[in-house]
Amino acid sequence: MLNVGKIEEGLVLDHIKAGKSMVIYKHLGLDKLEYPVAIIKNARSNAMGKKDILKVECDVDALNLDVIAFIDPDITVNIIRDGDIVEKKQLSMPRMVTNVIRCTNPRCISTIEQELPQVFYLADGRRKIYRCRYCDEKYTEKGSKSWY
Amino acid sequence: MRHIIKPDDFSVQELEDLFDLATDMERNPDKYAHVCEGKKLATCFYEPSTRTRLSTETAMLNLGGKIMGFSDAGSSSASKGESVSDTIRVISCFADIAAIRHPKEGAATVAAMHSTIPVINCGDGGHQHPTQTLTDLHTIRSLKGRLSNFTIGLCGDLKFGRTVHSLINALARYEGIRFIFISPPELRVPDYITEKLEEKGIRYEEYISLDDVMPRLDILYMTRVQRERFFNEEDYVRLKDFYILDTERMKKAKNDMFVLHPLPRVNEISVEVDRDPRAAYFRQVQYGMYVRMALIMTLLELHVD
């Protein structure tokens with residue numbers, strides 16, 4: 001088993017679906033920030049078989065965790081202070097996600113209007129369906145493009 | 001300040017009040033002839049329209065107000081690349097209320113976000129067309145005397161037909177509405193509409209053949225297959241004549257069924273049907289003008305004694 005050292009303050013994102021850690025990494029904007037990050041891919045998991053883990057040494061309030069819930073609300077977020085887990089954060093799907101994904105409907109105003117934020121709203125919490133605020137087009141991971 | 005971007009921006013009770021006002025305007029036009037004196041309506045039409053623009057402008061003129069605006073994108077700053085948000089900010093400095101039609105879906109939402117005057121969405125691409133919906137609701141209410149407990153068939157282009165989408169959403173708020181969708185497979189109702197119906201437990205049926213369902217309908221809402229919504233001319237040519245309502249088909253319908261159509265008609269309703277007293281699409285135009293009058297007055301928060 002691969003060992004990665006403890007972090008003193010920050011976040012440990014556990015139970016990420018295997019292969020999804022880089023998606024989370026990009027959506028959290030970690031590629032544009034200076035925080036130390038450890039990405040563990042394909043770690044063994046009793047519950048999931050394989051999983052990814054993301055460790056970020058940072059101010060715990062520095063990141064928008066709603067984005068994580070949008071990608072996968074089953075991810076466990078551990079808040080670390082002084083080297084210990086002080087809180088396991090329960091994520092709920094955000095009502096709105098802004099500038100995380102783009103609308104791919106070629107007829108949507110967001111494809112031509114300058115400086116228009118890309119806003120999606122939670123249309124169906126049970127089925128995890130998000131829709132474009134402007135044209136109501138459904139977000140699908142396959143068809144949509146990431147903001148980043 | 002209020003806008004109307006989609007039909008459910010108004011509650012069912014507010015719509016009842018609006019339709020009552022429209023009915024009173026029809027019966028007592030003189031009472032409302034000066035209510036908008038000193039007020040200006042800007043019609044910002046980025047794509048061609050005859051009925052909606054003229055109906056909205058006539059509504060304002062009937063209320064004693066003035067009108068201004070543009071009727072295609074070429075004669076506006078949009079041709080110079082101006083954004084919708086900038087255009088509406090400018091229009092807000094001149095007019096008291098704006099009516100906007102734009103080929104892009106969600107354009108009216110963007111306009112409302114930046115406007116300091118009420119915005120009326122007169123159609124945003126294939127998305128929503130609430131003033132047509134208010135027209136349709138007011139027509140049904142006036143003809144049938146109610147907006148509940150009837151079976152409506154919607155026929156034709158149910159995929160790109162924005163009037164259809166808005167009407168379904170609006171009728172879904174009333175009791176006992178049974179929807180029958182009649183379309184070729186390529187032009188079925190989008191899933192975001194049917195998902196909402198399923199969530200609310202509202203029944204709908206989908207058919208390809210119009211003949212199969214004619215006897216069951218209380219309202220038949222016909223639509224045109226719109227050339228401008230197709231990226232591919234071949235698909236348009238293949239689908240444009242899929243449904244044609246003629247006198248033979250009308251024989252299968254109930255005596256008190258009414259045929260509605262948002263117009264313009266191409267050939268999906270034979271002109272011979274026009275003589276049938278159940279053909280209500282030209283009366284629908286008249287109802288539309290009154291409901292737009294009521295809407296303008298309501299959004300401007302004006303009252304008469």
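Predicted model: local features only at pLDDT ≥ 70, side-chain atom pairs only at ≥ 80, totals over all residues.
The axes of helix α5(B), residues 130-144, and of α10(B) come within 8 Å and cross at roughly 115°. The crossing of α5(B) past α10(B) is right-handed. On the α5(B) side, the contact is made by B:T131, B:L134, B:T135, B:H138, B:T139 and B:S142. Facing them from α10(B) are B:R283, B:Q284, B:Y287, B:G288, B:V291, B:R292 and B:L295. Sort the residues of this contact by class and you get four nonpolar, seven polar and two charged.

Now zoom out to the whole of chain B. Its domain 1 is built from two stretches, 7-128 and 286-299, while domain 2 covers 131-285. The centres of these two domains, taken over C-alpha atoms, are 24 Å apart. How many residues are in contact across the two domains? There are 21 from domain 1 of chain B and 21 from domain 2 of chain B. On the domain 1 side, at least two residues each come from α1 (12-27), α2 (51-62), β4 (119-124) and α10 (281-299) of chain B. Here α10(B) turns up again, giving the largest share of that side with six residues. That side of domain 1 of chain B has 11 nonpolar residues, seven polar ones and three charged ones.

Chain A has two domains as well: domain 1 spans 10-89 and domain 2 spans 96-146. Their C-alpha centres lie 24 Å apart.

So where do the chains meet? In this contact, 14 residues of chain B touch 16 residues of chain A. On the chain B side, α3 (84-94), α4 (107-114) and α7 (191-199) each give two or more residues, and α4(B) gives the most, with three. By class, the chain B side has four nonpolar, seven polar and three charged residues.

Finally, let's look inside. The largest nonpolar core has 114 residues, and those with the most contacts inside it are A:L13, B:A98, B:M293 and B:I296. Over in chain A, take A:L13 as an example: leaving aside neighbours within four places in sequence, A:L13 is in contact with A:I24, A:I53, A:L54, A:I68, A:I75 and A:V77.

Technical notes. Residues numbered from 1 in each chain as written. Chains lettered and ligands numbered in written order. Domains from an automatic or database assignment. Contact = placed C-beta atoms within 7 Å. Helix = DSSP H or I, 4+ residues; strand = E, 2+ residues; numbered from the N terminus. Nonpolar A, V, L, I, M, F, W, Y, C, P; charged D, E, K, R; others polar. Core = buried A, V, L, I, M, F, W, Y, C linked by C-beta atoms within 7 Å. Buried ≥ 20, exposed ≤ 12 C-beta atoms within 10 Å, placed from the backbone. Axes fitted to C-alpha atoms, helices over the stretch in contact; angles between N-to-C directions. Left-handed = near helix turned anticlockwise from the far one by under 90°.
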